[in-house]
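Work through the exercises below with the model open beside you. Try each task before reading its solution.

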Amino acid sequence: MKHVNTVIIGGGTAGLSMGRCLVEHSVDHVILERGQIAERWRSERWHSLRMLTPNWQSRLPHWQYTGTDPDGFMTMSEFIDHLEAYAESYDAPVETGTTVTDVQKRSDGRFVVTTNRGIWMATNLVVATEFSICHVFRNLLRMCRRISLKLSRPNIAIQRKSPKEAS
Ligand SMILES: Cc1cc2nc3c(=O)[nH]c(=O)nc-3n(C[C@H](O)[C@H](O)[C@H](O)COP(=O)(O)OP(=O)(O)OC[C@H]3O[C@@H](n4cnc5c(N)ncnc54)[C@H](O)[C@@H]3O)c2cc1C
């Protein structure tokens, strides 16, 4: 069993953003991802899809688009690169190929996170899986009110005006 302060489940935009924020506060953490970084963009989107939001809006904590086409729309592979570069920028501790299959809360308040590659023990838990593993948490949610639950929402910050308009 491995011990860590915070387990983040999901290596998409929300999980990576949370990881970056925890780095800022020197909180020991791990990001458990069933596939690869940005897995949904790799395997659950159609190939020709482009981001629906312009590049200048693709902002994450301590990360933003710096390319030459702020008013363009990233392709899927560009967006995957964008998220991979984000993870590299802070050496995100992502464990890929690691599927969370169960989460239990112990009487001492700590979380036992079971995966296909072993068990993690954590003081804090962040669920950044979007909608996919509600079944894993159903019992936990019934039992526990203090779960640190991160419900994924569109989490690329939206500015009302583009930088050009604002200046
Ligand atoms: C067609 C389409 C177009 C979109 N276009 C835009 C856009 O242009 N701009 C925008 O801001 N938003 C867009 N969105 C919304 C965007 O996809 C979501 O808001 C965003 O991806 C949510 O990020 P997330 O990190 O919460 O979830 P995800 O990106 O879904 O990441 C969740 C991660 O959790 C992992 N995971 C799931 N279950 C487990 C498990 N049991 N164990 C371990 N890991 C697990 C998954 O593999 C995945 O990598 C679009 C969505 C769709 C469907």
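**Exercise 1. Strand pairing**

Task: Find which residue T6 stands opposite in β6.

Solution. T6 stands opposite N124 in β6. Keep in mind that this is a predicted model, in which local features need pLDDT of at least 70, side-chain atom pairs count only at pLDDT 80 or more, and totals for chains, interfaces and linings use all residues. Residues are numbered from 1 along each chain as its sequence is written. Next, name the elements: helices (H or I, at least four residues) and strands (E, at least two) are DSSP runs, numbered from the N terminus. Strands pair if DSSP finds at least two bridges between them. Strand β1 (residues 2-9) and strand β6 (residues 118-127) are joined by seven bridges and run parallel.

Now turn to β2 (residues 29-32). Four bridges join β1 to β2, and these two strands run parallel. Here I8 stands opposite I31. The chain goes from β1 through α1 to β2, a right-handed β-α-β crossover. Right-handed means that, with the strands pointing away from the viewer, the path from the first strand over the helix to the second runs clockwise.

**Exercise 2. The overall order**

Task: State how many helices and strands the protein has, and in what order the elements run.

Solution. Count first: five helices and six strands. From the N terminus on, the order is β-α-β-α-α-β-β-β-β-α-α. Then look at burial. A residue is buried if 20 or more other C-beta atoms lie within 10 Å of its own, exposed if 12 or fewer, and partly exposed in between, with C-beta atoms placed from the backbone. Of the 167 residues in the protein, 28% are buried.

**Exercise 3. Helix α1**

Task: Check the length of α1 and find what its buried residues pack against.

Solution. The expected span of a helix is 1.5 Å times one less than its number of residues. α1 has 12 residues, and 16 Å is expected. From first C-alpha to last, α1 reaches 17 Å, close to that value. Its buried residues are T13, A14, G15, L16, S17, M18, G19 and L22. They pack against β1, β2, α3 and β6.

**Exercise 4. Helix α3**

Solution. Start with the length. The 14 residues of α3 (residues 76-89) should span 20 Å, and the end C-alpha atoms are 20 Å apart, which agrees. List the buried residues: F79, H82, L83, Y86 and A87. An α-helix has 3.6 residues a turn, so residues three or four places apart point the same way. On the other side of α3, S77, A85 and E88 are exposed. The buried residues of α3 pack against α1 (13-24), α2 (39-43) and β3 (94-95).

**Exercise 5. Positive phi**

Task: Say where S26 and H62 are placed, and why S26 counts as exposed.

Solution. Most residues other than glycine have a negative phi, and most peptide bonds are trans. S26 has a positive phi, near 55°. S26 lies in the loop between α1 and β2. It counts as exposed because it has 7 C-beta neighbours inside 10 Å. H62 is not a glycine either, yet its phi is positive, about 60°. H62 is found in the loop between α2 and α3. With 13 other C-beta atoms within 10 Å, H62 is partly exposed. One more case: D91 follows α3 and has a positive phi, near 55°.

Conventions:
Contact = placed C-beta atoms within 7 Å.
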